[in-house]
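Please read the following report alongside the chain shown here.

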Amino acid sequence: MLQATLPGGSSTAAEALGGRAGGASTGGAAGVEQPASRAASAGTQNGRNRDIPFTVGRHPRRSGRFGSLGSATVAAVTSTLDAGVVDVCRAYLALADRYEPGLVQGLYLQGSLALGDYRPGVSDIDFVTVTSRPPDPRALQAVHAALRRTHGGTDFDGLYVREDDLRQDPDLVPSGAAVHEWQVEAMSRFERTLVTWHVLAQGGVAVRGPAAAELCIHTDWPALTAATRENLAGYWTTWRNRTVLGLTGTSDWATAWGVLGVARLRHTLAAGRVTSKTEAAAFALETYDRRWHRIVREALRIRTGAGEPQYGNAVRRQVDVIRFLSHVLDAA
């Protein structure tokens, strides 16, 4: 059996980030900047694992790109990973190889993990699993139920695809197995969007399988741009209107979701790539007038857990959320 190492060390819904114009979606995560590679070193540093060896159950050798790994193994991850993420990946692969031997050819992390904005305790772990065959829904239910019992503190959300699916426009990819908030659906559109494909292509972290860059993932920036603009005019305008009516509440979650959500779409359009919430906050502070800085800093504080509250009154904060959303949504 081969042994490999995991050198250690957003969430956002696809419908809120903008999947594909006219495409169906029930939500999902997308993230931000491509993680930089770091040389692995032994030991633990800043709460993150470095050079953590582990193996998973044996499965048959396969031909082709994924078969190059031979017996069950986990490809070396070149970016740093949070220790909790490493543990979840280890447990997931062991369970998958036990319940469905030979099914999981590739495991890729996307969303905030792929793009450098993962926040333990705040972000979900977003994954894409490349399979050798259509998975048995009953086996997947067993895998994710067992994973939840031991690692249920952070949602492990994602979808199951064949390698060829990633080379196609996701609107043309059939519905398939997916997991959202621990619920397994056999035929789902969850995360089958251009956002997922783009984030995976930008900085997907290969836990098992070849690097994401080797998968020839389909991307279409003009289509994603159009979908992002439609998302601002559709989903986010409706969300703003519900906020005005008091239907979305005055919670910390609503503040961060709204402020960083719309800023992120504007930043994505300006940057020409999918960007993160944290990057979007920096973009907003650089781009928008100082009168909006207070609410942006408040949203960033909620996101990162750093800094002091900017408001003592939740109603006043909600008013500023509404005004900021209106300003961003009304921009040309």
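## Strand pairing, burial and cysteines

Strand β9 (residues 176-180) and strand β10 (residues 183-188) run antiparallel and are joined by 4 bridges, where two strands pair if DSSP finds at least two bridges between them. Ala178 has Glu185 as its bridge partner in β10, and the two strands form a hairpin with 2 residues between them, Glu181 in the turn having a positive phi of about 55°.

This is a predicted model, in which local features need pLDDT of at least 70 and side-chain atom pairs count only at pLDDT 80 or more, whereas totals for chains, interfaces and linings use all residues. Residues are numbered from 1 along each chain as its sequence is written, and side-chain values use heavy atoms, with hydrogens and water left out.

The chain contains 10 helices and 11 strands, taken as DSSP runs numbered from the N terminus (helices H or I, at least four residues; strands E, at least two). Of its 332 residues, 56% are buried (buried means under 20% relative accessible area, exposed over 50%, partly exposed in between, with a 1.4 Å probe and protein chains only).

In helix α8 (residues 277-287), the buried residues are Lys277, Glu279, Ala280, Ala281, Phe283 and Ala284; they pack against the helices α7 (252-271), α9 (293-304) and α10 (314-330), contact meaning heavy atoms within 4.5 Å.

The structure holds 0 disulfides, a disulfide being a pair of cysteine sulfur atoms within 2.5 Å. Two cysteines are listed below with their accessibility.

| Residue | Relative accessibility | Class |
|---|---|---|
| Cys89 | 0% | buried |
| Cys216 | 51% | exposed |
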